[in-house]
Amino acid sequence: MPNPRTSTAHAALARLGFHDPARAERFLRDPCLAGLALEGEDVVVGGLAQALGAVADPDLALLALVRLMEGLQRSSGSHLSALTDALARPGVARDRLLAVMGASTALADHLAAHPEHWSSAADARRLSDRELTAVLVDAVTGRETAAALDALRVAYRRELIGIAALDLTAPSPVDALPDTARSLADLAAAALEAAWVIGRAEVGPDADSVRLSVIGMGKCGGRELNYVSDVDVIFVCEPVGHPGDADGPTDAAGDVDGDAEARAMTVGTHWASAIMRACATATAEGTLWPVDAALRPEGKQGPLVRTVRSHKSYYERWAKTWEFQALLKARHVAGDRELSERYLDEITPMVWQASARENFVEDVQAMRRRVEQHVPAREAERQLKLGPGGLRDVEFSVQLLQLVHGRSDDSLRSRTTLDALAALADGGYIGREDAAVLDEAYRFLRAMEHRIQLHRLRRTHLVPTSDDELRRLGRSMGLTSEPDKAIVEQWQRRAREVRSLHQRLFYRPLLSAVARLGADELRLTPAAAEERLAALGFRDPKGALRHIEALTDGVSRTAAIQRTLLPVMLGWFASGADPDAGLLAFRKVSDELGTVPWYLKMLRDEGDAAERLAHVLSSSRFAAQLLERSPTSAQILGLPGGLRRRTRDQLDATMAAALARYDSPAEAFEAVRTVRRQELFRVIVMDVVDLLDLEEVGHALTDIAASTIGAALQLATRAVETELGEPLGTALMVVGMGRLGGGEMSYASDADVMLVHDPGPSSDGDSEHDPRPDDAELQRRASLVVQELRRLLAISGPEPALGLDVDLRPEGKNGPLVRSLDSYRSYYERWAATWERQALVRAAPVAGDPDLAAAFVALIDPLRYPADGLTSHELRDIRRLKARMESERLPRGADRRTHLKLGTGGLSDVEWTVQVLQLQHAHEVPGLRTTSTLPALRAACEAGLVTTEQAQELTAAWSMASAIRDAGMVWRGRAMESVPSDLRDADGVGRLIGRAPGEGQAMVDAYLRSARHARAVVDELFYGDTPR
Amino acid sequence: MNRQEEFVLRSIEERDVRFVRLWFTDVLGTLKSVAISPAELETAFAEGIGFDGSAIEGFARVYEADMLAKPDPATFQMLPWRTEGPGTARMFCDLLNTDGTPSVADPRYVLQRALTKAADLGFTFYTHPEIEFFLFEQGRKPGDKPVPIDQGGYFDHLPQGHAHDFRRAAITMLESMGISVEFSHHEAAPGQNEIDLRYADALTMADNIMTFRTVIKEVAYEHGVFASFMPKPLMEYPGSGMHTHLSLFEGDTNVFYEPGARYQISKTGRAFIAGLLRHAAEITAITNQWVNSYKRLWGGGEAPAFVSWGHNNSSAMVRIPMYKPSKGQATRVEVRTLDTACNPYLAFAVLLAAGLKGIEEGYELPDEAEDDVWSLTDGERRALGIDALPTSLHEAVTVMERSDLVAETLGEHVFDYFLRNKRQEWVDYRTQVTPFELERLLPRL
């Protein structure tokens, strides 16, 4: 039966934030809390219930409180009455105790086990590092190891309660963060000092012969530790009485010292291991945290302890950039202070010279990639620490700026992230506002991380998902209304701010270096800006700075928009293969399009457009050239569907429309070329951003070439007909040969073609009245059209010309440019040479009359797919011709190994091998009747004509050669005939074909290997060598 | 500037050094030297010294830009011989591309790469060579038959022997350059000497061998004689080899050693030997790189012409030396094919690669050769599964062409250059009309 009295209190407690008011009421009516919270039905004003309502999780706190009181009841009475007193009065003591118990089940458990520690929360006060050390060392001194370990854990947690109490009751968790983090680091250092004492006792009298100190690294070194994390350290050890800094192999006493040193290292290793165990071992009182010594020289492989001299010589000879970055945090935390100081005196100067080391820029870029990667996908949404914009990213970025600018500016050499951030702002290395935003965001995210870890004292960096947990988290951060939703919202706002970290930290300040600011405003000096640009990978920092100035100078709207765009775009340029060229091209395009309304709007508003533009311009000089000539092509980046491949029909329609707009052939063809330029740009962009694979690029480029030729053919026909004043009287058609016929054009390919005309069947029996001109006249007219076609295509213009190569026609250079279908028929019947039949394997009509195309294909099929394959005589001819080409066709100065087309294992090797297979077997294997290399190879493999391994080797070499050729043109804007022999070219090309930055040389090696393997297959299949 | 570099700069001042020779090695194993003044040294440490690689065997056409020679300060040594005059020092260099990445044409880098691969597996590679060479009288023209400076034999102690003085002077000079000598004696042929170097890690040892060859030539010159490392200078006497002892360490532990195993050779050691044997033919062009090398290899006597291993079998290609109790750390295998005229960087790299391949793939070691392999008939060898090594440079190059192991170890550039160069050497050699033909055929035909 519902009790009206109960339900009143019930409702009041629910309003106070208790999740389970019934249980809360039961607890609050417990005799030990009698009168503290409830007076009859009323909640005592200013009483315990209200105080509980203020903590993160009232139910949790209340349960813990009851457990605590029960514990105290069992022990002496004085504590219980003191606690009851404290609970009765509003005040900090009560608030602190309840706050701890309401935020951390782990600390509540500790209080249940050690109830007398409640006063550590109630009477909490910030202890200095010395005081903390004294407390913990005192707790372990004079105890047996096992007892000392327990005592250390109990004392550590008792102090942790005090720190948590101050943290949780601070007016603003964000403001309190630096103090909390510092106290946590000091407590960890104190624990290490106590562990040092325990270790010393464990080692016994031997310990007198060595000196050992513990250097704190990471967040412990930076005095900005979390509640729970691995504590990073490095151990320094020396024999007692060791001359220490006597150095050099010439030291006469070296051998004697060597023995003493070896013994000392053995003892020191034993001691250091004992320290690590003292902290990490789980006893009945739990564990503190793992001690991680992996940042030491040689990492986990290296000896655990080293002398100062040994550390130093390692860092002089072997150390990597990241090790110096880690050393930026190094500080004495425990053991022999004098030894630590000597160590730091020797090592610290090296940290500040690290940015002058060779490979600094490459190392930093590799480190950045590592920081941004490695977040498990299902955690990415909830990660506070890892990934782009995570806490580690902030810390890393600040450290990087410290290394770059701290070399010449002492004021930046702080170990603590927030102090360093402030110093960077004070020195003008970052904008004040940006620094303030990042400072606040970093503190907020760290405070959140602290609250999450505090709950169970677990090392985690994931934001919880359940509503209850989010609610507790929100309340612990001081959010009262809808805390579960509010915390997510606040967190994501900061995360967004931090995601723009790189532009805030690295790039935006660069603008200030060239901006006209008031004299009193802080700004990056040009020298510092150049240092930074160099560290970010710009090879010509002065030039880059000039471009930035030119883009952002002035008061125009354009300059204002550029000032907001550029910090982001600079980051994208910096991650490209050629940041300088990217920035320069961007400047040129922007100069051209600066005032065009859609341009800046597109970059500002269209999602990927700006990033894609930056990526393309810093990877492709070819794209930059095309864009300089037709800046409006950039529009495709912002158009919906702009980066979708256009079909042949769409291309034909666009070109036909362009033709129709102009009467004059010259103007009309110029319009066609503009379309071609734009389409090439589209393909490059799609290629660079990986929207097309190699075969698709080939198809797309072939379609563009075929459409262009088709449009030129129409135009040429139109011109000749205008001159004749009547229709031509014969149909024309263009046959694509080679790569054009195969649908495998590269960016720099010429168009190999043959030209056919056919007047069609003459109307029977009416020949006198046939108005048709005679064959010779038709041939003359067709020739006129072809001449006009070649003239149009050969007009040199600003974009790469589409060369028309007609050398594969019957009789080669001596034959007529165009023949009638009948003439082809009679020629092939009588004269077809083996090489001509081989060339026909790749013949495919690409433009002109479709009926004629079908007739031509019917004519050549029996020639290229002969029923009996090749005779031994024909095969010999082909082999011989190929062998002669190998020795004669290679251009002067080209290297046979690296030439992509004619080199060993190159394109020709693979293509000729495939074509011979086609000539021999296409009659019975229909799959081989294709003009494309890879499909033919796949068909040959399926038909068992080549083994899977052979097909793989040939495919790999052909694909890689084709890809390098495409990427070479894209990268350099000039055709690339050989594997790049310039390292920067190799890097740029390598990145375009999917290799990591800096792998250019490896790409060259990989190509040479692949080509060598392919050549072995060619020797077998084409030349008939015995298999190896 | 690191400590080592400072030490070098300081020494240069203290010892009044006038010239610093920067040493590096071309693909064929010839020592190259660029002299710079001490003033340029700081730049050399920081950036390297630029030079045009195209004139040097095997360096041309890797990358268009110049190359950089960057001295390794750990190799700093004063040059003690008189012809250099006072105040000359040398350092070995790493060769770099202009962007600071290592050049693929640098044999030292080839070896460093192979050693890095071993280090990734946890291994350090040590070698210990026994270097043989001849001393001839000076003043002969090329083409003349060389005249040995004495008629001594194996271990002979010749009173007032030139050779004795020579060895003492050579050893003194080697030791003064920090190269420890373990052992030296007169070898079997007239004028032939052997000096064994104390074991060292393979990179240091390759540097040492380059230094050794130079020192021996210089000391010979000072003593009025001529030293040669040609593998087979005298038809009727044994040639000069460079038997090399190999061992792998994991930290301080010799991984070839296993107490109680047959010959105290561990499973890893057996797999390493199996690797050396299985890949023996394809690496022969590197370990025996000259036309003349095959005259030694197939000259009978104790030359190791067949792919076999044995314990104390001096006809085997790989020998496991007698085990000395309490010397587990000294367990090693001796490869007997190498000759002194090889490029030590490349030779050590391919030997290591072959052995590691054996370890990685877990090759089984074939049966031991217990007899003198030379005394077996062809049929017996076939029955025992003992293959022959290539009989000529031509055959060696043909086998090497198909080797992915060698291509990967040398890198495609050095691999290709080496093959082309050696094919050409064979072509040049084949056109010769030899004394054999003139003596035997001319009178009769």
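The model described here is a predicted one. Along the principal axes, the C-alpha trace of chain B spans about 65 × 55 × 50 Å. The chain holds 13 helices and 16 strands, and 47% of its 445 residues count as buried. Among the contacts in chain B between residues at least 6 apart in sequence, 71% join residues at least 24 apart.

Chain A gives another picture. For its 1028 residues, a compact globule would have a radius of gyration near 31 Å, but chain A has 39 Å. Its C-alpha atoms fill a box of roughly 135 × 85 × 65 Å along the principal axes. Chain A is made up of 44 helices and 12 strands, and 49% of its 1028 residues count as buried. Of the contacts in chain A with a separation of 6 or more, 71% are accounted for by residues 24 or more positions apart.

Within chain B, a helix pair can be followed residue by residue. Two packed helices are described by the angle between their axes and the distance between the axes. The axes of helix H11 (residues 393-401) of chain B and helix H12 (residues 404-430) of chain B come within 10 Å and cross at roughly 150 degrees. An angle over 145 degrees counts as roughly antiparallel, and H11(B) is therefore roughly antiparallel to H12(B). The crossing of H11(B) and H12(B) is left-handed. On the H11(B) side, B:Leu393, B:His394, B:Val397, B:Met400 and B:Glu401 take part, and they meet B:Val406, B:Leu419, B:Lys422, B:Arg423, B:Glu425 and B:Trp426 in H12(B). By class, this contact of H11(B) with H12(B) has six nonpolar, one polar and four charged residues.

In total, 17 residues of chain B are in contact with 16 residues of chain A. On the side of chain B that touches chain A, helix H1 (3-14) and H12 of chain B each supply at least two residues. The largest share of that side, four residues, comes from H12(B). By class, the side of chain B that touches chain A has four nonpolar, six polar and seven charged residues.

Two helices of chain A illustrate how burial is arranged there. Helix H43 (residues 983-992) of chain A is mostly covered, with nine of its 10 residues buried. Those buried residues are A:Leu983, A:Asp985, A:Ala986, A:Asp987, A:Gly988, A:Val989, A:Gly990, A:Arg991 and A:Leu992. They pack against helix H32 (665-688), helix H42 (948-972) and helix H44 (1000-1021) of chain A, together with strand S6 (88-97) of chain B. Just after H43(A), A:Gly994 takes a positive phi of about 95 degrees.

In helix H21 (residues 467-476) of chain A, the buried residues are A:Arg471, A:Arg472, A:Leu473, A:Gly474, A:Arg475 and A:Ser476. Their cover includes helix H6 (92-103), helix H10 (145-168), helix H20 (432-456) and helix H22 (483-499) of chain A. H21(A) is followed by A:Gly478, which has a positive phi near 85 degrees.

How values were computed
Residues are numbered from 1 along each chain as its sequence is written. Chains are lettered from A and ligands numbered from 1 in the order in which they are written. This is a predicted model: local features need pLDDT of at least 70, side-chain atom pairs count only at pLDDT 80 or more; totals for chains, interfaces and linings use all residues. Axes are lines fitted to C-alpha atoms, for helices over the stretch in contact, and angles run from 0 to 180 degrees between N-to-C directions. Angles under 35 degrees count as roughly parallel, over 145 as roughly antiparallel, 65 to 115 as roughly perpendicular and the rest as oblique. A crossing is left-handed if the near helix is turned anticlockwise from the far one by less than a right angle, and right-handed if clockwise. Two residues are in contact if their C-beta atoms, placed from the backbone, lie within 7 Å. Ala, Val, Leu, Ile, Met, Phe, Trp, Tyr, Cys and Pro count as nonpolar, Asp, Glu, Lys and Arg as charged, and the others, Gly among them, as polar. A residue is buried if 20 or more other C-beta atoms lie within 10 Å of its own, exposed if 12 or fewer, and partly exposed in between; C-beta atoms are placed from the backbone. The radius of gyration is taken over C-alpha atoms; the globule rule is 2.2 Å times the number of residues to the power 0.38.
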